[in-house]
Each structure stands twice: as structure tokens, then as C-alpha cells.
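This report walks through one protein model, taking its cross-links, its strands and a few single residues in turn. Please keep the sequence and the structure in view while reading.

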Amino acid sequence: LLASLHSGSGISDPTYTFKVKKYVCIDTPYPVSTLYTCKSILRRNAPTLVNVSINVPKIYSNVIIKILLFYKFSTYQPFMITVEGDGCEFIRNPPQYSTEKYVYDVIQETLPELLVPCPTGNRTYNFLWHLEERHTPKNIPPGDYKLQFKLIAPRNSTIFAMDVYVQVRISGIVSSFMTQ
């Protein structure tokens, strides 16, 4: 997924390249669900995809959602986006402002089948997905990022968890001199 991210409109504005390096399902095996497939699919000159198939056999009325963005300094540190709360309430009453609305809008556009009101579960979820260019922040420092997504059932049992590793690089005249 190579995408140009522009910080504004002007001749001197930097251009960024945005690339998803890989998707990794974490904290497996899950105690309350069965992960059948979690595969990162690298494609030349096309977005990196993730193929996930997961069975959630129980029905849940409460699911905690955690979405965190990390920036890599020497290790990954929390950065900009942190969303944590009742996922059922998140779907029942969509947020109107801030980071939560941004996250909700991305999910609504790219994976609307996940925004089913609670109770949820008792089914197998299958999706082929990629993070799209238009869903990335327009002003983001270059570097390495990790986007972490977790769904947690009562008693702190992980239903599903994934890390998305992203690389943002500045491109243009200045960076081409720096790499020579």
C-alpha cells in the first residue's frame, strides 16, 4: 500500500510514502475463539492484505475494544490514537467527535459487517482487508508505526488481537539527497 500523504496544499509541502509492512495476529491462541486463518499477503505494487477467519462460538453482550497507535523511537511508544471502551456502546451510539469518530468511520467504510449491534458472536467472521490511503492521517511524522487492535471479552479474555506494522517515509528532493 504505497500512498502519498500530503500535509496541505503548497509547493514546499513534503510528500510521504505510506506502506503496510505486515499484519500479525497476536496473543494466540485465544481462550474464547478459534483463529483459523491470519495471513498477511504481500503483493507487488499493490496494498498488503490480511486474510482472517475466526470463529467466535459464544454470544457476548459486552466486548471491550482497544485500538492503539505506537511510534517506534528505540522501542514502540504510545502515539496519537488511543481508543478503549465498550465496543457494544461504540456501535449502538456512534461517536460524534474526536479520535473515536475517526476510527468508527474507518471501520464503517471498510468492514461494516463488524458493526453489528450486540449481542454478537456465535458465528465465523471472514474478511480480506487492507488499510487504505484515504484512512491515514494527513500530517504524520515519518517513521515506523504499529497499530494494535484488540477485542476483549468479559474476564479479560482476548477474542482477537492484531498488530499492523506501518512504515511512513518522507520523499522528495531532500530525502533523495539524504539517501545517496
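Cys 88 and Cys 118 are joined by a disulfide, with an S to S distance of 1.8 Å, where a disulfide is a pair of cysteine sulfur atoms within 2.5 Å. This is a predicted model, in which local features need pLDDT of at least 70 and side-chain atom pairs count only at pLDDT 80 or more, while totals for chains, interfaces and linings use all residues. Residues are numbered from 1 along each chain as its sequence is written, and side-chain values use heavy atoms, with hydrogens and water left out.

The link of Cys 88 and Cys 118 is left-handed, with -75° about the S-S bond. It connects distant parts of the chain, since Cys 88 belongs to helix 1 (residues 87-92) and Cys 118 to the loop between helix 2 (98-110) and strand 7, 30 residues apart. Helices (H or I, at least four residues) and strands (E, at least two) are DSSP runs, numbered from the N terminus. Cys 88 counts as buried at 1% relative accessibility; buried means under 20% relative accessible area, exposed over 50%, and partly exposed in between, with a 1.4 Å probe and protein chains only.

Cys 25 is buried, at 12% relative accessible area, whereas Cys 38 is partly exposed, at 27%.

| Disulfide | S to S distance | Angle about the S-S bond |
|---|---|---|
| Cys 88 and Cys 118 | 1.8 Å | -75° |

Turning to the strands, an open sheet of three strands has the order 3-4-7 with antiparallel pairing, two strands being paired if DSSP finds at least two bridges between them. Strand 3 and strand 7 (120-129) stand at the edges, each with a single partner strand, so one side of each has no neighbour in the sheet. Strand 4 and strand 7 are connected by nine antiparallel bridges, and Ile 54 stands opposite Tyr 125 in strand 7.

Ser 53 lies in strand 4 (residues 49-60) and is buried, with a relative accessible area of 11%. Its side chain makes a polar contact with the side chain of Asn 126 at 2.6 Å; a polar contact is a pair of N or O atoms within 3.5 Å, where, within protein, one must be able to donate a hydrogen and the other to accept it, and residues adjacent in sequence count only if both atoms are side-chain atoms.

Strand 8 (residues 143-153) pairs in the antiparallel sense with strand 5 (residues 64-72) over eight bridges, with Leu 69 opposite Leu 147. Strand 8 also runs antiparallel to strand 9 (residues 157-171), to which eleven bridges join it, and the partner of Lys 150 there is Ala 161. In the hairpin of strand 8 and strand 9, three residues lie between the strands, and Arg 155 takes a positive phi near 70°.

Ser 33, in the loop between strand 2 (15-25) and strand 3 (34-41), is buried at 7% relative accessible area, and its side chain reaches the backbone oxygen of Ile 159 at 2.5 Å.
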